[in-house]
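Please look over the sequence and the model shown here before reading on.

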Amino acid sequence: MICCGLIIERAERESIPVPLIGVSVQARIVDLVAEVTIEQRYVNKENQPIEAVYLFPLDEGAGVSMFTAEVDGRVIEGVVKETEQAKADYDEAIKSGHSAFLVEEKLPDVFKAKVGNLAPGSGAKIRLTYVTELKVEGKEIRFYLPTTIAPRYIPPTDKSSTAADLASIKYSTESNYQVDFNATVQMASAITEIRSPTHKIAVTRDAVNKPKYGTLRFDNVVTSMDRDLVVYIQVAEPNQPRLICEKSPKGTAALMLSLVPSFKLTEQKTELIFLVDRSGSMGGSGINQAKQALQLFLHSLPLDCYVNIAGFGSSYKELFPASKKYDESVLNLAKQHVDSIDANLGGTEIFHPLETIFKKPSIEGYLRQIFVLTDGEVSNADEILGLIRRQNGQARVFALGLGSSASHYLVEGMARAGNGTALFASLEERLEKKVMQQLQDSLQPALSDIKIKWDGHEETGQKFTTAKPVPVQTEKTLMGYGKPLESAKPVPTEKPQLKFRQAPTADMVPAVFDGKHLIVYALLTEDAHVPKWAEVIAKSPVGPLTLKVHLDESNSEEGQLIHCLAAKKLIQALQDSEGDPDSIEDSKSTETKQEIIQLGCQYGLASRYTSYVAVDPKEQKELKESWMMMKSRDVPVQLAHGWGGVQALGAFAGGCGPMMGRSNCPPMAMACHYSLPPGIYTDGVEQVGGGGGEAYESCSDNIEELDCEVDDDYCDNEIQFTLSSSEGTANETSNTDDDKLLKLITCQNFDGSFKLESALAELLHTTLEDIKQAAEKNSYSEQVWATAVALAFMGIVLADLQTTWMLVAKKAENWIRSSGKLTGDETACTGAAQEYVKAKLSLSILRL
């Protein structure tokens with residue numbers, strides 16, 4: 001039997017309608033921040049009360065600031081409480097015959113909603129509002145809306161409650177309910193373009209009358225939640241430093257200091273290690289993206305560096321036992337290795353590869369830079385981030401998240417912990433430009449010792465309120481002299497109130513890179529002085545670099561948006577410093593936990609230790625009498641577009657076998673009945689943790705029902721999922737400018753010079769003999785002429801990709817200048833090559 005859409009097929013073959021019937025998203029994007037409201041609509045189509053359970057993704061840096069529920073027209077405001085208390089209130093409400101709602105954080109980018117005691121035929125809506133910062137990439141501002149949670153690999157050692165929740169997720173290849181998305185955009189300068197590489201969107205702008213405003217929505221009916229929505233906004237005057245003040249209704253103030261620094265320091269000598277996720281979930285487009293990016297990366301390396309490439313899955317493979325000095329032979333070996341890699345190393349075991357790299361002896365005079373390319377689909381992110389923090393700055397970690405639903409918590413967290421940068425690329429985007437951005441970051445020293453000086457406040461950014469003096473006994477007797485009067489004893493508080501609080505705190509301001517967005521907040525009490533300016537002071541190899549930014553009072557607004565972002569930044573820093581909550585139980589962790597709870601309750605934010613709970617005040621007698629009959633219904637999550645691990649989905653996403661144990665073996669909400677054969681979970685076997693191999697391809701054209709026997713030692717229930725058709729990407733067949741660049745660099749030597757090869761002739765639509773004759777005519781050697789022609793081709797044909805080929809061109813220019821093989825003037829050589837390329841391209845157009 002085949003079952004799809006909004007039907008869950010249970011092991012007992014009971015067809016159950018999924019209670020989630022629709023999702024609407026409203027976003028308000030204001031300059032570099034966004035406020036997003038998600039509405040989920042539920043209906044109980046059964047004849048008994050149910051509890052709907054839904055795990056869904058959120059932006060990992062977002063602060064969930066508001067939660068409301070609506071039952072049969074009654075609106076209930078959610079309140080933030082300490083998580084254990086919120087759960088207790090929820091359970092008590094269910095037993096008492098009330099509908100109740102609970103929203104809790106499982107990971108900073110995974111939340112869990114429970115809609116309990118939903119009466120037969122009853123409907124409910126839950127609305128969740130969050131605020132978040134937007135990333136700056138070059139000249140564009142990036143907004144993203146996560147829509148799905150890809151199956152996570154769960155290491156055998158991860159026994160946490162979060163792992164159990166991730167393992168319980170049911171997956172579907174369809175959602176079949178409509179998803180609505182609408183957004184308003186307001187920028188600080190004129191909008192020049194709004195685009196999305198992931199979805200078809202309709203954009204409305206009035207460039208003449210309202211150049212700073214725009215709206216966007218889905219351009220068609222969307223019933224798919226299989227990939228994150230990514231939107232890029234380009235403005236006329238990007239990256240202007242700003243200091244903005246927000247006043248709350250309570251009289252408090254919050255400041256946001258935003259800038260994108262621009263500086264250039266002398267390049268440092270580096271050891272560059274490329275760590276590539278080769279687990280099964282990277283199969284298909286993901287691993288192909290990584291291989292293309294690696295080829296460009298290898299040709300862009302500086303001459304004086306060390307390099308290595310490593311791949312990880314359930315096992316770990318290095319190209320070299322230790323990093324090698326970059327030369328022609330190392331380049332050729334590395335290129336051959338990249339051509340041969342595949343997503344065939346099993347599950348996503350990222351902890352031990354990083355641990356191995358950190359333990360390797362450093363190379364004197366060279367700073368270690370680690371680039372991690374991964375979809376980040378693991379359950380033990382806290383353990384990994386703790387490892388990176390403990391390496392004490394021995395290496396910088398740069399992370400690139402790949403795919404339709406990369407884990408932002410892991411990728412962003414690795415960059416924060418490793419003083420690097422994080423970027424993301426959907427399957428519809430090319431990696432080359434993003435890899436080059438990170439390579440350029442790694443070659444320059446980061447400014448890591450950052451201080452913020454605020455007008456009217458101490459440099460530390462923290463000031464406690466002055467406590468009033470407590471009256472003491474002045475009468476000189478033996479009973480109480482010099483001690484506080486009984487009537488004046490102070491009431492103990494959790495912590496002294498801070499008049500001024502910087503977020504992140506002075507010791508946790510992230511490293512500053514050229515062209516990378518830096519945001520620092522300040523929270524002020526109602527009686528605190530509001531700074532008129534803030535000055536950033538950064539130590540560098542050339543001395544202090546400073547910038548003073550004055551308050552833009554014209555942009556002062558009333559509200560809670562910046563307050564929430566500032567408090568969320570403090571909570572994020574506290575959670576990062578705490579590490580894994582399941583393994584740390586010292587006094588520092590207890591103090592951190594209490595501070596997170598205090599901030600969460602004060603500012604109404606969900607966090608690791610605080611959750612939203614809402615209880616319908618109306619008691620329903622029939623629910624009170626039948627609550628023990630309430631059935632729990634898990635809402636399936638749609639499988640991520642292009643996810644490569646379909647073959648062994650059950651091995652780590654609600655599956656079974658030694659990887660997870662028999663207790664973690666719920667049936668999957670999938671259409672195709674498929675049982676995994678014994679032995680598929682053995683550590684090191686290619687299928688563990690994903691595959692995208694033969695089983696996926698064999699069912700690509702037709703949904704089949706496959707009945708395979710499974711040993712009882714591996715699973716108590718049959719695992720069901722649909723094997724849908726594999727969607728090819730434009731990257732595989734198109735002849736884009738990125739493809740032309742990759743073809744061109746195959747002709748480049750490690751020193752920057754270019755060989756005269758057929759690839760260069762094909763790009764110019766000519767012959768090798770013709771290029772040789774042109775070199776002879778202009779009195780240049782073939783190597784000099786090929787290099788000059790390649791440079792000319794990049795500058796003329798691939799001008800839009802300049803940030804991508806910048807380092808490749810720099811090496812080529814240096815070689816022409818310093819090789820001693822150039823006869824005559826460099827400018828004349830460059831000019832002759834440009835005229836030659838233009839002539840060949842014009843002739844090619846005429847032929848067409």
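Predicted model: local features only at pLDDT ≥ 70, side-chain atom pairs only at ≥ 80, totals over all residues.

Residues are numbered from 1 along each chain as its sequence is written, and side-chain values use heavy atoms, with hydrogens and water left out.

**The open sheet**

Helices (H or I, at least four residues) and strands (E, at least two) are DSSP runs, numbered from the N terminus. An open sheet of 6 strands runs in the order E8-E36-E9-E10-E5-E37, and its pairing is mixed; two strands count as paired if DSSP finds at least two bridges between them. Strand E8 (79-82) and strand E37 (631-634) stand at the edges with a single partner strand each, so one side of each has no neighbour in the sheet. From one strand to the next, the twist averages 25 degrees.

Helix H1 (residues 83-95) lies across E5, E8, strand E9 (100-107), E10 and strand E36 (610-615), and runs at about 150 degrees to E9. Axes are lines fitted to C-alpha atoms, for helices over the stretch in contact, and angles run from 0 to 180 degrees between N-to-C directions.

Within this sheet, strand E10 (residues 110-118) holds Asn117, whose phi is near 60 degrees, a positive value in a residue other than glycine. Asn117 is buried, with a relative accessible area of 0%; buried means under 20% relative accessible area, exposed over 50%, and partly exposed in between (1.4 Å probe, protein chains only).

**Strand E33 and its partners**

Strand E33 (residues 533-538) is mostly covered, since 5 of its 6 residues are buried. Strand E29 (residues 450-454) pairs with E33 in the antiparallel sense over 5 bridges, with Lys451 opposite Ile537 of E33. E33 also pairs in the antiparallel sense with strand E34 (residues 545-550), over 6 bridges, and in that pair Ala534 stands opposite Val549 of E34. E33 and E34 form a hairpin with 6 residues between them, and Gly543 in the turn has a positive phi of about 110 degrees.

Two packed helices are described by the angle between their axes and the distance between the axes.

| Helix pair | Angle | Distance between axes |
|---|---|---|
| H3 (residues 285-299) and H15 (residues 737-745) | about 50 degrees | 10 Å |
| H15 and H18 (residues 782-797) | about 175 degrees | 11 Å |

The angle of about 50 degrees makes H3 oblique to H15, whereas H15 and H18 are roughly antiparallel to each other; angles under 35 degrees count as roughly parallel, over 145 as roughly antiparallel, 65 to 115 as roughly perpendicular and the rest as oblique.

Gln292, Gln295, Leu296 and His299 of H3 make the contact with Leu741, Leu742 and Ile745 of H15, where contact means heavy atoms within 4.5 Å. The residues of this contact of H3 with H15 divide into 4 nonpolar, 3 polar and no charged; Ala, Val, Leu, Ile, Met, Phe, Trp, Tyr, Cys and Pro count as nonpolar, Asp, Glu, Lys and Arg as charged, and the others, Gly among them, as polar.

On the H18 side, Asp737, Leu741 and Leu744 of H15 meet Ala790, Phe793, Met794 and Val797 of H18. The contact of H15 with H18 has 6 nonpolar, no polar and 1 charged residues.

**Details in the loops**

His765 lies in the loop between helix H16 (758-763) and helix H17 (768-777), and its phi is near 55 degrees, a positive value in a residue other than glycine. His765 is partly exposed, with a relative accessible area of 46%. His765 and Lys840 are 75 residues apart in sequence, and 7.1 Å apart in space from C-alpha to C-alpha.

A cis peptide bond joins Ala503 and Pro504, with omega at about -5 degrees. Pro504 is placed in the loop between strand E31 (498-503) and strand E32 (518-524).
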